[in-house]
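Thanks for coming. I will go through one structure today, a few helices and a few pairs of residues at a time.

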Amino acid sequence: MVSTEGLVPITRSFLASYYDNYPFSPLSSDVSRLTDQIFAMATTDLLKDSPPTQGESLLVQEAERQPPHKVDENMWKNREQIEEILFMLEPTHWPRAFQQQSTVEDAELVSLLGRLQENFKSTLSTLESFQAKNSEFVFNTVMTYMPQDFRGTIIRQQRDRSERNKQAAIDALISSGGSIRDKYALLWEQQMERRRQLAELGSATGVYKTLMKYLVGVPEVLMDFIRQINDDQGPMEEQRQRYGPPLYSLTKMAHSIRLLLSLLWGRLETSKLQKNQVVILEEAADVYTSEFQRFIKFIGEVFTNSPFFITAEDAGTLSIRKDDDYKEISVPAGSAHEVSLTVESVNSYIAWDFSLVQGKLNVVLRYKVDCIPPVVDSVSID
């Protein structure tokens, strides 16, 4: 069991400093260009003479909607769209005109679809591997701070049993005819359940918290970590602001590709596939799969090297460094000045300097610190 003595959970200030060492090279400008092109082609050209079905209208709304704010939710959204695209790229789901391969042109298109299918399969495999490795890394890292005796074994067994039950629920849903959409709705519900369980543990108070700490052996700093790590304005918000925008762009592109492919397949019984439609579909698929795999490889390296805990001294140093643009305030004799500070974590350091202008005898400086739960400290000087 690794000691947590002297450690505090990572702070947003720490992650900002850490992420400075991992700048992400901007996505290709082709991502936004092609996303706009394929969405316009889908909603303007393909729907011009043929009103959308109820299902197609839903796809249009999803493509128009802003992506989720959470990084992991975007990962699941991309995975869902890739599976939907792969479903349509399966030969058994091609329009009959492609399956018959009546012309050389059709044969070339079939070959292209096969290549795109392989690219999307490779991307799906990369994403699945990333999610599995990331989940295992987080769990194993947490377990290094847990008791390495029968209690740790019980925790691992409970986790394995819980994951088997979750997979069984997914398998049962698919066996009963559930759609890909249904599958991913359940997967995200399961992910949120994992978060709720962690939050409940981290929020434990009083006798329960004491039991968790001393009987089960969960270090208090670990409970603090899991309680605040996913807060809306917690440490992970720095990750969302830093790496969210390129991921959001890729999520929108995946939605648009799926929309275009769905509308094309739905209209090929009455109209022939145009060459420009094939060209833009191929280019968009190639750009999306290559850029998404690049992003996953990058973010995987960032996550793997990111620690959960830092020393209280490092947390304080980073907080001070963040506030280097301090202001000098002159407080007239007999007056008071109040400063409100936000404290991000337990054991944070707060420091200030005083300078007195001499001129009178018996100069007296009074100050006090008031803590206003949950996160604001007030410093009064008079």
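Helices and contacts in a predicted model

Let me start with Met-192, which is found in helix H8, residues 180-202. Please keep in mind that this is a predicted model. Is Met-192 buried, exposed or partly exposed? Its relative accessible area is 24%, so Met-192 counts as partly exposed. Along the sequence, Met-192 and Glu-73 are 119 residues apart, and in space their C-alpha atoms are 9.7 Å apart.

Next, helix H4. H4 covers residues 71-89. It has 19 residues, and the distance from its first C-alpha to its last is 27 Å, close to the 27 Å expected at 1.5 Å a residue. How many of the residues of H4 are buried? The count is 17 of 19, and H4 is mostly covered.

Now to the helix that H4 meets. Two packed helices are described by the angle between their axes and the distance between the axes. For H4 and helix H11, residues 235-267, the axes come within 9 Å and cross at roughly 20 degrees. Angles under 35 degrees count as roughly parallel, and H4 and H11 are therefore roughly parallel to each other. The crossing in which H4 passes H11 is left-handed. What kinds of residue make up this contact? There are twelve nonpolar, seven polar and four charged residues in the contact of H4 with H11.

A few words on H11 itself. It has 33 residues and reaches 47 Å from its first C-alpha to its last, which is close to the 48 Å expected at 1.5 Å a residue. Where is the kink in H11? It lies at Gly-244, shortly before the proline Pro-245, and amounts to about 60 degrees. As for burial, 27 of the 33 residues of H11 are buried, so this helix is largely enclosed by the rest of the structure.

With a relative accessible area of 47%, Glu-269 is partly exposed. Which distance separates the C-alpha atoms of Glu-269 and Pro-95? They are separated by 7.3 Å, while the two residues are 174 residues apart along the chain.

That brings us to H12. Gln-293 lies in this helix. Gln-293 is partly exposed, at a relative accessible area of 25%.

Ala-336 lies between helix H13, 312-322, and strand E3, 337-342. Is Ala-336 buried or exposed? Its relative accessible area is 61%, so Ala-336 is exposed. Ala-336 and Tyr-367 are 31 residues apart in sequence, and from C-alpha to C-alpha they are 9.1 Å apart in space.

Definitions and conventions
Residues numbered from 1 in each chain as written. Predicted model: local features only at pLDDT ≥ 70, side-chain atom pairs only at ≥ 80, totals over all residues. Heavy atoms only, no water. Axes fitted to C-alpha atoms, helices over the stretch in contact; angles between N-to-C directions. Helix = DSSP H or I, 4+ residues; strand = E, 2+ residues; numbered from the N terminus. Parallel < 35°, antiparallel > 145°, perpendicular 65-115°, else oblique. Left-handed = near helix turned anticlockwise from the far one by under 90°. Nonpolar A, V, L, I, M, F, W, Y, C, P; charged D, E, K, R; others polar. Expected span 1.5 Å × (residues − 1). Bend = angle between axes of the 7 residues up to and from the residue. Buried < 20%, exposed > 50% of the residue type's maximum accessible area, 1.4 Å probe, protein only.
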